[in-house]
Amino acid sequence: MVDVSLAPPEVDRPDTDRFAESVVAPDRPWVTIVWNDPVNLMTYVTFVLQDYFGYDVDKATSLMMQVHEEGRAVVSNGTREEMERDVTAMHGYGLWATLQRDS
Amino acid sequence: MKIRGTSGGGVRIHLDDDETEALKGWVEQLAELVAPDEAESSDPLATMVGLGADREPSGDPALQRLFPDAYLDDDEAASDFRRYTEQDLRKDKAQRAAVVIATLGERSGRKGTVTLDADQARAWLGCLNDLRLVIGTRIGVTEDDQWPDEDDPRTPVFFVYHWLTYLQGTLVDAMSPRSP
């Protein structure tokens, strides 16, 4: 993930808000990652992110595009137990997801 | 094949006889593939709480894709996670397949209409996705794959895969909330 503190202030970084949203609070150090795969439809991934996480269509679409273009996206953060629950749900929907400590 | 959304979040799907028979056959195969294990554990408590005997991922790439590892770099955590979650995931996928088979059986009318409420539509959506994951894995679909060469024995299965993609895509469009 991009380290936003290295960004020179005058550079336009449209992704800053998106990455800032995924900065993790210190007591919730685990993340769920959704990975790109060749089968899942972009419209379906967007639907899942709205349906399960309650994200609005813009945020869901933005995360889906990140998965599509960059190969992966952090879709949630929290305790390890919460992330295991989210990964299980993603596997239920047929997305490929893993959990790990936030880097 | 046509799909219309209904008020209340359901859908009406129109399928002809061939489409219905074919889809039913594939979903029945999927149901067999994902069926939860018979109680193999010798520990009656484990069986009661739904713990699976399997700690290892399947040797079948299609099952590996349906039930992937949750931890990339920690085999023990991945095994534990699998043991606690795979059986329930299998049950959910098997139940969704059962909904598809049952609602296909209730198809009626001149246009071959399958009427689904919102929950049944979600079951179809998940089941179609599982089906495409299995078929896609088996034929080695990649991001760039469109159609194989004429002589490729996978060609008929690619037809199936692309038809299912069209069906699932049309269904998710009918179910997706409209942008404001």
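Colleague: Is Asp88(B) buried or exposed, or in between?

Modeller: Buried means under 20% relative accessible area and exposed means over 50%. In this predicted model, Asp88(B) has a relative accessible area of 41%, so the residue is partly exposed. Lys91(B), at 38%, is also partly exposed.

Colleague: Which side chain does Lys91(B) meet in a salt bridge?

Modeller: The criterion is a side-chain nitrogen of Lys or Arg within 4 Å of a carboxyl oxygen of Asp or Glu. Lys91(B) meets Asp88(B) at 3.5 Å, N to O. The two residues are about one helical turn apart, because they are three residues apart in helix 4 of chain B. Salt bridges with shared partners also make one network of Asp69(B), Arg82(B), Glu86(B) and Arg90(B).

Colleague: How many salt bridges are there over all chains?

Modeller: The count is 13. One of them links Arg122(B) with Asp51(A), with 2.8 Å between the closest N and O atoms. This pair joins two chains, because Arg122(B) sits in helix 5 (residues 118-139) of chain B and Asp51(A) in helix 2 (residues 42-53) of chain A. Arg122(B) is partly exposed at 36% relative accessibility, and Asp51(A) is partly exposed at 29%.

Colleague: What is the accessibility of the partners in the salt bridge of Asp86(A) and Arg85(A)?

Modeller: Their side chains meet at 3.3 Å, N to O. Asp86(A) has a relative accessible area of 3% and is therefore buried, whereas Arg85(A) has 53% and is therefore exposed.

Colleague: Now the charged patches. Which residues gather in a patch of positive charge on the surface?

Modeller: A patch takes residues with over 30% relative accessible area and no salt bridge, and joins like charges within 9 Å. The positive patch holds Lys2(B), Arg4(B), Arg12(B), Arg110(B) and Lys111(B). Arg110(B) is in the loop between helix 4 (75-105) and strand 3 (113-116) of chain B, and its 83% relative accessibility makes it exposed.

Colleague: And which residues make up the patch of negative charge?

Modeller: Asp73(B), Asp74(B), Asp75(B) and Glu76(B) form that patch on the surface. Asp73(B) belongs to the loop between helix 3 (61-66) and helix 4 of chain B. With 79% relative accessibility, Asp73(B) is exposed.

Colleague: Where is Glu32(B), and how far apart in space are Glu32(B) and Gln64(B)?

Modeller: Separation along the chain and separation in space are read separately. Glu32(B) is in helix 1 (residues 17-34) of chain B, and is exposed at 68% relative accessible area. Between Glu32(B) and Gln64(B) there are 16 Å from C-alpha to C-alpha, for a sequence separation of 32 residues.

Colleague: What are the elements of each chain, from the N terminus on?

Modeller: Chain A has four helices and three strands, in the order α-β-α-α-β-α-β. Chain B has six helices and three strands, in the order β-β-α-α-α-α-β-α-α. Of the 103 residues of chain A, 44% are buried; for the 180 residues of chain B the value is 43%.

Conventions:
Residues are numbered from 1 along each chain as its sequence is written. Chains are lettered from A and ligands numbered from 1 in the order in which they are written. This is a predicted model: local features need pLDDT of at least 70, side-chain atom pairs count only at pLDDT 80 or more; totals for chains, interfaces and linings use all residues. Side-chain values use heavy atoms; hydrogens and water are left out. Patches are made of residues with over 30% relative accessible area and no salt bridge: like charges are joined within 9 Å, nonpolar side chains (Val, Leu, Ile, Met, Phe, Trp, Tyr) within 5 Å. Accessible areas come from the Shrake-Rupley method with a 1.4 Å probe; for residues, only the protein chains shown count as cover. Lys and Arg count as positive and Asp and Glu as negative; His and the chain ends are not counted. The place of a charge is taken as NZ of Lys, CZ of Arg, CG of Asp or CD of Glu. Buried means under 20% relative accessible area, exposed over 50%, partly exposed in between (1.4 Å probe, protein chains only).
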